[in-house]
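Please look over the structure shown here, together with its sequence, before reading the report that follows.

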Amino acid sequence: MNTDVETRDSHIDHRTAFQDSIGRRLRDQRSPEGKVKRPTERSVVWFEKLHRHGPLPSSYLHAYTVHLCRNAAWARRELADLFHEDGVHGGPYLDRPWQQFDTMDARHHDLVYDLTDAAGDALAEAGRLHTNTQAPGGPWVHRHMVACITASIELAALARSDIRFIFQDEIVKGPLRTPVTYAHNGRTETRDLVPDAVFALAYQTNAGERYRLFALEADRGTEPGRSNSLDRKSQLRTVLQYRTYVGEGLYRARLGVSAPMLVLTVTTNAGRRRNLVDLVAETSATGRNSFMLFQHLPQFGRHFTPPKSLPQLLLGPWSRAGHDAFRIDYI
């Protein structure tokens with residue numbers, strides 16, 4: 001009898017170690033209940049979107065599969081099971097990156113998910129594992145910012161019948177890193193340029209589909225606007241490099257494409273956005289530039305907050321140097 005009591009008590013202690021004060025499973029630790037998960041049509045869609053974009057909040061993942069299940073609470077429960085429970089491919093399918101729990105009021109934000117190796121195995125088995133997917137460098141929050149930007153643009157395009165989102169892995173067939181030669185103040189330098197992501201939009205027109213490419217730069221204010229040394233990466237160096245990469249058409253040969261390219265820079269506040277527009281104007285002989293566009297997202301500033309989907313990235317105005325604001329949802 002005593003042994004039975006000790007066993008039950010041990011079981012209770014094990015459960016409460018992974019629950020909060022009101023019995024809910026902890027958000028940042030796995031608490032399996034003994035289920036075995038198998039990939040479904042909906043979960044494979046989630047895996048593929050995370051694979052092609054990067055870590056995303058639960059609200060984005062639900063938006064991708066709302067046609068399969070409209071109930072957001074059910075989607076959140078399924079995502080939770082994919083994090084807590086083992087799957088048939090040898091472990092849980094999803095992670096919850098720990099960096100999201102360092103934010104203010106983390107419990108009140110959407111949970112952010114990323115893939116495990118088991119999910120990669122499930123995608124490979126389904127024939128939906130891709131090469132050359134976007135993989136920006138830098139801190140995790142930067143990678144998450146890039147994922148939210150490209151996924152927001154794709155979700156906004158999915159709501160339209162006249163625009164189709166084209167992923168980086170459908171465009172880039174080799175290394176994205178490109179040596180770019182640029183000049184400033186009588187000096188010529190060559191340094192690698194690596195956009196945070198590349199994607200395209202296909203626009204339906206009366207003459208058929210027309211295409212526009214985009215190079216994305218996500219700027220969280222961690223690089224200086226200028227540097228006395230062009231060896232150090234700065235916004236000035238990036239602007240000068242894109243003047244060659246896009247302005248002189250270097251990307252066409254590198255990517256094997258003929259469509260025009262725009263450079264989208266998303267920063268974290270309106271003041272830095274204005275400074276970047278001024279920098280582009282200053283480095284142009286005419287004070288004008290039509291292919292470098294700017295918006296800002298305060299959610300990725302000093303106090304990071306996982307955002308809801310951001311349709312304004314497709315539907316809203318982008319600032320330009322010496323030109324009126326531009327919308328990318330029109331060709």
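The model described here is a predicted one.

**Helix H5 and its surroundings**

Within H5, which spans residues 117-125, the buried residues are Ala118, Ala119, Gly120, Ala122 and Leu123, and what covers them includes H2 and E5.

The axis of H5 comes within 10 Å of the axis of helix H2 (residues 41-53), and the two cross at roughly 110°. Because angles of 65 to 115 degrees count as roughly perpendicular, H2 is described as roughly perpendicular to H5. On the H2 side the contact is made by Val44, Phe47, Glu48 and His51, while H5 contributes Ala119, Ala122 and Leu123.

Strand E5, part of the cover over the buried residues of H5, belongs to an open sheet of three strands, which has the order E2-E5-E4 and antiparallel pairing. E2 and E4 are the edge strands, each pairing on one side only. Between E2 and E5 the antiparallel pairing runs over two bridges, and Leu56 stands opposite Tyr113 of E5.

| Strand | Residues |
|---|---|
| E2 | 56-57 |
| E4 | 94-95 |
| E5 | 112-115 |

Definitions and conventions
Residues are numbered from 1 along each chain as its sequence is written. This is a predicted model: local features need pLDDT of at least 70, side-chain atom pairs count only at pLDDT 80 or more; totals for chains, interfaces and linings use all residues. Side-chain values use heavy atoms; hydrogens and water are left out. Axes are lines fitted to C-alpha atoms, for helices over the stretch in contact, and angles run from 0 to 180 degrees between N-to-C directions. Helices (H or I, at least four residues) and strands (E, at least two) are DSSP runs, numbered from the N terminus. Angles under 35 degrees count as roughly parallel, over 145 as roughly antiparallel, 65 to 115 as roughly perpendicular and the rest as oblique. Contact means heavy atoms within 4.5 Å. Two strands pair if DSSP finds at least two bridges between them. Buried means under 20% relative accessible area, exposed over 50%, partly exposed in between (1.4 Å probe, protein chains only).
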